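User: I am new to this structure. Please pick one residue, look at it closely, and then carry on through the rest.

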Amino acid sequence: MMTISKQISQQINQFPEDILFGYKELNINQQDYTTAAKALERLLKKGVIKKISKGKFFKPKMTIFGEKKPSEEQILKPYLYNEGKRVAYITGTYFYNQLGLTTQIPSTIRIASRDKSITIKTLSVKASPAKSYVDVTEENYQILGFLDAIKDLKQIPDIDVTLALTVFQTRIKQLNEKQTQGMVEYALAYPSRVRALLGAILEAMCIKTNIEILRKSLNPLSSYKLGISTNILPTAPNWNIQ
């Protein structure tokens, strides 16, 4: 019968270099974790594997520029998925930079999840938790990140509101009718300022998909000071946006 140590060595030999792995990827039973930890410790001492964070390892890959570590994408992936299902997504300034809303790149990435509080501390990646307003899926995580950007409009570093509205409209144009309908439904779980601004943008784009649901969800006596004038969003007054 193959020992746990030999089983681990064989599995690691088959892993690609610079790919992150942990106990789950090694298919180790929980009752064997202590034995597995000792086996991994021996491999660490031999330099066969490197540790990047608690319970996470990789096989180092040597290039002409030195040792290559796993990419940010590889490091983050185990935290974004649970048993193959997406449960979290990247949000905050890091994602808003990818949207073209800011030139700043933060030192700490924010990861949103409905049920998990995700913190990462490695030599190359640091992440702090954020709360998702709805359950995260592979189909909706990009839309949720987009709604987060609308929510955080006034907090995004170096934001140009005119440019931001152009980016928002461009992204919405890329959605099909089902995705637009889903976006509106998800927005109902967000703060009222998100619903108001999304409604104003959709109205300005002459998109009527569920727009009245957004309007009815708002208090008609509430106003939203977002620093948006009618010059850049003519429909803003219809949604009490200032």
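**A starting residue**

Setting aside neighbours within four places in sequence, Thr-180 contacts Leu-175, Leu-202, Ile-207 and Thr-209. Contact means heavy atoms within 4.5 Å. This is a predicted model, in which local features need pLDDT of at least 70 and side-chain atom pairs need 80 or more, while totals for chains, interfaces and linings use all residues. Residues are numbered from 1 along each chain as its sequence is written, and side-chain values use heavy atoms, without hydrogens and water.

Thr-180 sits in helix α7, residues 177–187. Helices (H or I, at least four residues) and strands (E, at least two) are DSSP runs, numbered from the N terminus. Thr-180 counts as buried, because its relative accessibility is 4%. The cut-offs, with a 1.4 Å probe and protein chains only, are under 20% relative accessible area for buried and over 50% for exposed, with partly exposed in between.

Now turn to Tyr-89, which lies in strand β8. Is Tyr-89 buried or exposed? At 0% relative accessibility, Tyr-89 counts as buried. Leu-76 is 13 residues from Tyr-89 in sequence, and their C-alpha atoms are 9.5 Å apart.

In a regular strand, side chains alternate between the two faces of the sheet. Both faces of β8 are covered. Ala-88 and Ile-90 are buried on one side, and Tyr-89 and Thr-91 are buried on the other.

**The sheet around β8**

The strand order here is β8-β9-β11-β10, in an open sheet of four strands with mixed pairing. The edge positions belong to β8 (88–91) and β10 (120–121); each has a single partner strand, so one side of each lacks a neighbour in the sheet. Two strands pair if DSSP finds at least two bridges between them.

Take the pairs in turn. β8 and β9 (residues 109–113) run antiparallel and are joined by four bridges. Tyr-89 has Ala-112 as its bridge partner in β9. Thr-91 has Arg-110 as its bridge partner there. Next, β9 and β11 (residues 126–131) run parallel, with five bridges between them. Ile-109 stands opposite Ala-127 in β11. Last, β10 and β11 pair in the antiparallel sense over two bridges. In that pair, Ile-120 has Ala-127 as its bridge partner.

Helix α4 (residues 92–99) lies across β8 and β9, at about 70 degrees to β8. Such axes are lines fitted to C-alpha atoms, for helices over the stretch in contact, and angles run from 0 to 180 degrees between N-to-C directions.

**The other sheet and its helix**

There is also an open sheet of three strands, ordered β1-β3-β2 and paired antiparallel. Its edge strands are β1 and β2 (50–53), each pairing on one side only. Two bridges join β1 to β3 (residues 56–58). Leu-20 stands opposite Phe-58 in β3.

Which residues of helix α1 (residues 4–14) are buried? They are Ile-4, Ile-8, Gln-11 and Ile-12. These residues lie on the same side of α1, because they cover an arc of only 100 degrees around the axis. The arc is taken from the directions that lead from the helix axis to the C-beta atoms. On the other side of α1, Asn-13 and Gln-14 are exposed. The buried residues of α1 pack against β1 (20–21) and α2 (33–46).

The largest pocket has a volume of about 520 Å³. Of its 22 lining residues, Gly-22, Lys-24, Glu-25, Lys-56 and Pro-78 are the closest to its centre. A pocket is an open set of points on a 1 Å grid over the protein atoms alone, where a 1.4 Å probe fits, with protein on both sides within 12 Å along at least five of seven lines; lining residues have an atom within 4 Å of a point. Points are joined across faces, edges and corners, and the volume is the space filled by probe spheres set on them. β1, α3 (72–80) and β6 (81–82) each supply at least two lining residues. Helix α3 gives the most, with four.

**Two backbone angles**

Glu-83 lies in the loop between β6 and β7 (85–86). Glu-83 is not a glycine, yet its phi is positive, about 55 degrees. Glu-83 is exposed, with a relative accessible area of 74%. Asn-240 also has a positive phi without being a glycine, about 60 degrees. Asn-240 is found in the segment after α9 (211–216), and is partly exposed at 29% relative accessible area.
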